[in-house]
Each structure stands twice: as structure tokens, then as C-alpha cells.
Amino acid sequence: MVFKKKFTAGIALAALMTGLAACSGGEEATTEGGEGGAEKITIFQTKVEISDQLEAAAETYTEETGVEVEVIGTTGDDYFQQLQIRLNNGTGPSIMSVQNATVAESLQSYLHDLSDEEFVSNIAPDMALTLEDKVVGIPYGVEGFGIIYNKDLVNPEDIQDYESFVSTLEKFNAEGINGYALSSEAYFLIGHMINYPFSIQEEPIEFMDSLSAGEVTMAETEEFLRFGEYMEAIRANTPSPLSTSYDQQVGDFAAGKTAMIHQGNWAWGLLQDFEVDFEVGMAPFPLEGNDKLAVGVGSNWAVNSDKEPEEIQAATDFLEWLHTSETGKRIIVEDFGFVPAMTNIEANDLDPLSQAILEASNSGETIPWSHNYFPANLVLNDFAPAAEKFFVNEEMTSEEFITNLDAAWQNAIK
């Protein structure tokens, strides 16, 4: 697979924060549903964390415009397969989530060109999802992940390099505390973790191109070998993540049973539900001296071009309302809890995890989301099974694990 898009994440995030500092309130959307347009639209999206909030937003929009908005539920990991089935059988949604450029390429014939919509000009530079210079996706917001830690139990200075990280895990293990929890879902098990050895490469996309061409291997690259050692230390000193759901991972952390979890700022909503009663922080995963959080765009809103013109317009009107009306902007920041990727939306009173992401983005001290440029379905179909085998077979060495990831990559690009 050839990756054509050049990384501009650092520039884009710096531009985003410049825009946020200078932004002012946008104009109210003036959508009037039902007057010659579609009377109903459907939304199918991948972030289960905002399902309830999106339902409430849909009801508000219907009250304001008269256009019915149906939110179709999803379980998360199988979203893309469900979406493909719906698109193929003609029951595709009006608005759908498109995770990244790789997914967008596979869905290109279904993606409506949003380039000429006025509200699209508010997207921070280089944050829009584009194909062939056409805007086909509106970013949900800026997100980031790293090590979420209990400030009562963990000092970030104790996890700044491999030796201190492993020592800290061993200490918690001896005390009967889970020092570091992953969970069984594909991205929370391996997809986000494997981001690190890719993103600390000097040119991540060029490295991926070379990997696909057989010019380099992970097993011959220092950053991946050391990553394997971290994973081996996690396996040796913590309970298996394979029987741990996302809810349990976050719940055990909130209950003080786990000192650190690898998650993103999206986990704050669930932490609130569990009524966490201690201060939390977010620290970088210290692979090879990395001292930056991973920041990027988690998903994008896209409009289904296979619909009738009236429904396409109604779907676009909803997205305009969401990103320009005072009600919509409040929903994005307060209800969804997103760190906005639109320069016309201000972000105040953020939760501590989102604040950490905002500060990292504002300073430019971030690493990109390389996994957004992986071959399609690599994490779900190839990396996750390899990681599961690693955690099941405690005799597997870190070198063997990385060799298996090499094989998984090559299988994905066939």
C-alpha cells in the first residue's frame, strides 16, 4: 500500500490552537427542515462514548427544525463491517463516521464532497479529511492518548524510561495492585500502543511505505524491539487484558485497583460515571525517551453521496447546525466533551484529560497518530490476533512478537 499523504500533524495542531485563541462565536445555523427537503436523516457513528449525547442532540435538532434524526446504534469494533453491509444493501445512513484517510479511500464512492460548504472553512488547517483535494470529512475534534495515572499512586518521574517504568510495574505487582491495564478491544489492546514505535520514526509514513515494500522490518528496527520489551514487561507484571473490557479497565482504575491505564481523553466521561474521587493525569508513554502525548483526529463526520439530493442537503444542514449554531457548539464541547478542531468553537472548563491534550497541542509537543495511515483493517484483523497470541502464550519472546507483527503487516497489504 502506498501512503500519499504527508504528515502535517504538528503544523495542523499548532494552527488549530492559534485559531482557538483567536476564535469568536459563529453564526446561528438557519436550517428549516421539512420545507422542500428531507423530513428524516439517519446517523451511524463509531464512538459509543457519545451515543446518549448524540441522541439528545438529535432530539434538540428535531425540535428546532422539524427534521427527524435517527441515531443508529453500534457496538464499536464491528462498526466498519456494519457500515459496509448497510452501504452495499442500500440502507446506508445519511451521516456516517469515517475514521481516517485509509478508510475514506475504501469508501470513496459513497463520500459527498463538502468542500463548498461555508462552515467547512472553520476547520483548522490540515485537520479536514480530504481525498483528491476534496473535503469529505468533518473532524469530530482533536483527541489524544497516553498513560492515564492516579496521582495518589504514581509520580510521572517514575515512568520516564524503560527501567523506571518496569520498576514501577514490579512494585505495584508486589503490592497486589494492577500497575498498568490495557483492555481486550482491538485498539485498546494494541492499536494505540503500536502507534508509538511508528510515530517516533523520523518520517512515519515513509517508514510504513518502506515496510510495505519489504525494505525494512519491525524486527530489525530498534524502536520496535524496545516496544516489544515494554509489552513483555506489561505481560509479566499485570493481569491479562484479554478478559478485561473497556468498562472494567476504566472502572477498576476509578476504584483504585489499577494505578495506570492506557487510554485517551475520551475516557473521562466513564470516569465521571464511576465517580472517580482522586486526581488523574496523563503522561507520555516513554518509549525510547518519548515525552509527548499522541494527538490527532479520531473520526470524522461524512455525508453519504448515495442518497437523494434532498437527504444529502438535510444531512449537510445538520452538520452545519452542529458546528455553527450556539446550541451545536455547546453540544460539541460540553456534551460530547470534544476538544474542538474548528476554529470558531471555543473550549473552556475542560476536564483534566482534555486539558492535557489541549496544552500538549498548544505547545506543539505531540506525536502524530500513525495508526490513521495503517492498511485498512490491519488493527482489527491482523495486529489484534497477534497481540492476543502474545498475551496467551507467556513463552513467546518480545522478538517473536515483533516478528509476528511484521507478518501481520504483510498479510494486511496482500
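**Exercise 1.** Which residues do ring pairs link into a cluster?

*Solution.* First, the ground rules: this is a predicted model, where local features need pLDDT of at least 70 and side-chain atom pairs count only at pLDDT 80 or more, while totals for chains, interfaces and linings use all residues. Residues are numbered from 1 along each chain as its sequence is written, and side-chain values use heavy atoms, with hydrogens and water left out.

Next, the pairing rule: rings of Phe, Tyr and Trp (its six-membered ring) pair if their centres lie within 6.5 Å; planes under 30 degrees apart are stacked, over 60 edge-to-face, and the rest tilted. Now look for the chain of pairs: F145, Y162, F165, Y180, Y196, Y230, F285 and W369 make up the cluster.

**Exercise 2.** Describe the ring pair of F390 and F401.

*Solution.* Start with the geometry: the centres are 4.4 Å apart and the planes 25° apart, so the pair counts as stacked.

**Exercise 3.** What does the salt bridge between K151 and E279 tie together?

*Solution.* Check the distance: the closest N and O atoms are 3.9 Å apart, and the rule asks for a Lys or Arg side-chain nitrogen within 4 Å of an Asp or Glu carboxyl oxygen. Then find the places: K151 is in the loop between β6 (142-150) and α5 (162-174), and E279 in the loop between α11 (268-273) and β8 (280-283), so the bridge ties together parts 128 residues apart in sequence.

Note on methods:
Helix = DSSP H or I, 4+ residues; strand = E, 2+ residues; numbered from the N terminus.
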